[in-house]
Amino acid sequence: QAADIARSATVSASTVITAVTGTDAASIEISPAGVAVIAPDPDGVLQHCNHFLDKDLAVGERHATERPGTYDRLRHLRDHVEELSVDDLNARALAMLGHAPVDAPVCAHPDLTQPLNQRWETLATIGLDLPAGRLRVHQGGPCQVTEATWQTF
């Protein structure tokens, strides 16, 4: 249903929306060129970064030359899927770590020497508990997570 809503919208820019129910999730890639639904992999894992995974939408992708770090981030997440699947949210947050420019920049801190539109920053770290219908949010990147910094909704 979420993909149908996305297909009905007129869009002028690209984005991805993660749609989640109590038992399922998918990434909905939206661009002026179309809408694609990215399902979890065969193991039930859904990971997405800032580039198109749909092969048709990826044809017009500009990130390959303008912001190639998105591919490194996805590789990092895929390489750490086992650690990212544990129940402990603090352990999951630590598994996401990788700081720019050395590692895959999953945890980004603004470079204040850059222009404002180039100061990438991780604003939130989020954990979903689908069966319980809970969302846990930490304001900031995973390198700053502690048990006390989580807010539960």
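In what sense do strand S2 (residues 25-31) and strand S3 (residues 34-38) pair, and over how many bridges? The two strands pair in the antiparallel sense, over 5 bridges; strands count as paired if DSSP finds at least two bridges between them. The structure is a predicted model, in which local features need pLDDT of at least 70 and side-chain atom pairs count only at pLDDT 80 or more, while totals for chains, interfaces and linings use all residues. Residues are numbered from 1 along each chain as its sequence is written, and side-chain values use heavy atoms, with hydrogens and water left out.

The protein chain contains 5 helices and 6 strands. Helices (H or I, at least four residues) and strands (E, at least two) are DSSP runs, numbered from the N terminus. Their order along the sequence is α-β-β-β-α-α-α-α-β-β-β. Along the principal axes, the C-alpha atoms fill a box of roughly 45 × 40 × 25 Å.

Of the 153 residues, 32% count as buried. Buried means under 20% relative accessible area, exposed means over 50%, and partly exposed lies in between (1.4 Å probe, protein chains only). The accessible surface of the protein chain comes to about 10000 Å², and 53% of this surface belongs to carbon and sulfur atoms; the areas come from the Shrake-Rupley method with a 1.4 Å probe, and for residues only the protein chains shown count as cover. Among contacts (heavy atoms within 4.5 Å) with a separation of 6 or more, 29% are between residues 24 or more positions apart.

Strand S2 also pairs with strand S1 (residues 15-20), in the antiparallel sense and over 6 bridges. S1 and S2 form a hairpin with 4 residues between them, and S2 and S3 form a hairpin with 2 residues between them. Glu 29 of S2 stands opposite Ala 36 in S3, and Val 16 stands opposite Glu 29. Ser 31 has Gly 34 in S3 as its bridge partner. In S2, 7 of its 7 residues are buried. Ala 25, Ser 27, Glu 29 and Ser 31 are buried on one side of S2, and Ala 26, Ile 28 and Ile 30 on the other.

A further hairpin is formed by S4 and S5, with 4 residues between them. Strand S4 (residues 124-129) and strand S5 (residues 134-139) run antiparallel and are joined by 6 bridges. Ile 126 stands opposite Val 137 in S5. In the turn, Gly 133 has a positive phi of about 65 degrees.

Ala 95 lies in helix H5 (residues 89-96) and is buried, with a relative accessible area of 9%. Leaving aside residues up to four places away in sequence, Ala 95 touches His 76, His 80, Glu 83 and Leu 84. The C-alpha atoms of Ala 95 and His 109 are separated by 17 Å, with the two residues 14 apart along the chain. Glu 66 belongs to helix H3 (residues 63-66) and is partly exposed, with a relative accessible area of 48%. From C-alpha to C-alpha, Glu 66 and Gln 47 are 21 Å apart, at 19 residues apart in sequence.
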